[in-house]
Amino acid sequence: MKAVLFDAENHYRVTDLHEPEPGPGQVAIRVAYAGIQWGDTMVRDGHFPVPRPFVPGFEASGHIVAVGDGVDASRIGEPVAALTSAGAYAEVALAPAALTLNIGDLSLRTAAGLGWGAPTAYDLINTVSRVRPGESVLVHAAAGSVGTLAAQFSRLAGAGRVVGVAGSSARADYAAQFGYDQVLLREEFQDKPGDEKFDVILDPVGGATRRYGLEQLAPHGRLVAYGNLSTYEPVLADVNDLLMQGTSLMTYNSNLLSRTHPQQLADSARRALDLVADAQVRVDITAEYDLPDLAVAVQRLTDGSTHGKSILRVS
C-alpha cells in the first residue's frame, strides 16, 4: 500500500508498505481521506516523542475492510470516521473499534473534516465548561477547526454572546461566518483589553493569553485550557484568588481521554457527527492535498496561512 512515512531526518516521503492487520479491538480502514490537524505539527516539531520512522495521521474516513478479535464482523463494509493514534496517512489504517463511527449517509470527505476537532469542540462547550443559556463565551483561535465548531456549539447551547479572537483580518473575516457576535484581532485584543468579562473562555494558546484570561472571567466563570499554541511557558494561578471570585481553571486533553475513557470520547464524537449530519453544525473544509503534499499542508497549518479544516486525499 501507499503511505506517507515520517523518517528520522524529519522528512515526509511516500513509500510502499505492507498493509497492517487489525489486532484485538481494532478495525482496518481503507482510507479515502485523512484529516490534517495541530497534532501533526507537534509530532513534526518533536513535542510528541514518537519513534521514527512511522506513518503519521490521526484522523481517517473510509470503509472498514477487516476487524480484529472482539469486533463484530458485520462492521466490515461500514462507511466510517475514525480517530487513530497514528497511521491515517496510508491507504489502509488501523483504529480502535470504539473510536470508529458509522457515518451513515454523510460523505467521506465531510466525515474526514470531523476528526479530533469535533469531539473536542463539543466537549469544551457541553461537557467541560457546560455553557448555560445566556452565558458569554470567548474563543481563542476562532478561525481554526475547533474554534469554528465551538462557536456553533455555543449557539446551540444557548450562549447569549460569543466572541472570537483571530490572528489576522482575513482569519477574523472567515471566523465571522460561524455565529460569532464579534471577532477581535489578537494584536488589538492584547494591546487594548476591554472591560468585558466572560463566563467561559476557551484557550488553546497559553502563556500571557492564559494569564490575562483568568483576569477576564466573570464571577463563577470557567477558563478551559486545551493546548499551548504559542508557548509551553508555565502559567501559575492563585487558588485563593480563584476562590474569591468562584472562578475555575479547567483543562481538557482529548488524547488522554481516548486512552482512559474512549467510550466517553466516542459518545461526544457521535453527538457532534449527528449535529453535522442534521445540518445544525457545519464543518468547513478549506484545503485538500494529495499524499506527496503533506509537508506543505503541515507547514501551512503551522504558519497560520490556512483556516477551517485541511484534509489529505488518500484514495
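Contact here means heavy atoms within 4.5 Å.

Quick background. This is a predicted model: local features need pLDDT of at least 70, side-chain atom pairs count only at pLDDT 80 or more, and totals for chains, interfaces and linings use all residues. Residues are numbered from 1 along each chain as its sequence is written, and side-chain values use heavy atoms, with hydrogens and water left out.

Start with Y33. Y33 sits in strand β3, residues 26-36. Strands (E, at least two residues) and helices (H or I, at least four) are DSSP runs, numbered from the N terminus. Is Y33 buried or exposed? Y33 counts as buried because its relative accessibility is 16%. Buried means under 20% relative accessible area, exposed over 50%, partly exposed in between, with a 1.4 Å probe and protein chains only.

What does Y33 touch, leaving aside neighbours within four places in sequence? Its contacts include E59, A60, S61, L108, R109, A112 and E288. I311, L312, R313 and V314 are also among them.

Now the rings. Rings of Phe, Tyr and Trp (its six-membered ring) pair if their centres lie within 6.5 Å; planes under 30 degrees apart are stacked, over 60 edge-to-face, the rest tilted. That rule gives four aromatic pairs. One of them, F6 with Y12, is tilted, at 4.7 Å centre to centre and 35 degrees between planes. Ring pairs link F6, Y12 and F54 into a cluster. F6 is buried, because its relative accessibility is 0%.

Last, helix α3, residues 117-128. Ten of its twelve residues are buried. Among them are Y122, L124 and V128. After α3 comes R130, with a positive phi near 55 degrees.
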